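Hi everyone, thanks for coming.

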Amino acid sequence: QWTYFLGNIANVKMLRYALEPDDARCLFRSGSATIGLCTAPAEMNGLVFYGSFLDDVVPDGATLNGAAYLDSSFGARVAGDEDSISIDTLDYSSDGTFTIAFWFTQTECIIPGQWQSLYAHSHYEDNWWDNSLNTTNANVHIWASCTDEGGHSTLGGTVVRVFMIDDTGQRGVFDWSFNSAKSGGFVTNAWAHMVLSVTSSAVTLYLDGRPLGLLRIFGKNSI
């Protein structure tokens, strides 16, 4: 089961290509105030959407819903079941190669044992979640666990889960433990930078600029 996310998000990016390790490290460095080493996020090749949410200006194509608001020091704040950020439909993934990247911090757990929805994108707007075996509704979801038991994951500690279905119904589900990836352990009250880099045959996840591993997938991942 899942519930709404309580926390902050900033520097959201969607690109038409899968980031290489150097690019992922640069995104992390640029967000943690390293100046002059990397291409500015807004100038990256293949960029389709970029919203810093740190300048008190809602980015073009984005809408704050419910009581969500901007904080110039902590990005976009979402704190209730009607709070969300919606982004106009963009073609960043139709060829099966794309990147989703953002900073986030989880500030509170509402229902222990449930997953908090961080990111959701479906091909059909009126059917945003579809896990059926024969679906043609390609979708990507990213959740954060809400307990140190891993939110019903086989991994312990704080966990992020990625769930993807392509337009042929093939799917991939995988979890990553923040406890093994971050020196501080729990993500609660600590910012983390996540990059999901996808090609038609593989997925790589980067946390704070470091690759955490490679998942092999098959089929066209079109959303």
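I'll talk about the cores, then a strand pair, then an alanine, and finish with some rings.

Quick housekeeping: this is a predicted model, so local features need pLDDT of at least 70 and side-chain atom pairs count only at pLDDT 80 or more, while totals for chains, interfaces and linings use all residues. Residues are numbered from 1 along each chain as its sequence is written, and side-chain values use heavy atoms, with hydrogens and water left out.

Okay, the cores. A nonpolar core here is a set of buried Ala, Val, Leu, Ile, Met, Phe, Trp, Tyr and Cys residues joined through side-chain atoms within 4.5 Å. Buried means under 20% relative accessible area, exposed is over 50%, and partly exposed is in between, using a 1.4 Å probe and protein chains only. The largest core has 29 residues, and Ile100, Phe102, Ile142, Met164, Met194 and Leu196 touch the most other members. Several strands each supply at least two residues of this core, among them E2 (7-15), E8 (98-106) and E13 (192-198).

Next, the strand pair. How many bridges join E11 to E12? Seven, and the two strands run antiparallel; strands pair if DSSP finds at least two bridges between them. Their hairpin has five residues between the strands, and Gly169 there takes a positive phi near 90 degrees. Arg161 stands opposite Asp175 in E12, and their side chains meet in a salt bridge at 2.7 Å, N to O. That term means a side-chain nitrogen of Lys or Arg within 4 Å of a carboxyl oxygen of Asp or Glu. Asp175 is in E12 and Arg161 in E11, so the pair ties together parts 14 residues apart in sequence. Buried or exposed? Asp175 counts as buried at 16% relative accessibility, and Arg161 counts as buried at 18%.

Now find Ala76, in strand E6 (residues 75-78). Ala76 is buried, at 0% relative accessibility. Asn8 is 68 residues from Ala76 in sequence, yet their C-alphas are 5.4 Å apart.

Last, the rings. Rings of Phe, Tyr and Trp (its six-membered ring) pair if their centres lie within 6.5 Å; planes under 30 degrees apart are stacked, over 60 edge-to-face, and the rest tilted. The whole structure has three aromatic pairs. In one, Tyr92 and Phe98 have ring centres 5.7 Å apart and planes at 80 degrees, so that pair is edge-to-face. Tyr92 and Phe98 are both buried.

Conventions
Helix = DSSP H or I, 4+ residues; strand = E, 2+ residues; numbered from the N terminus.
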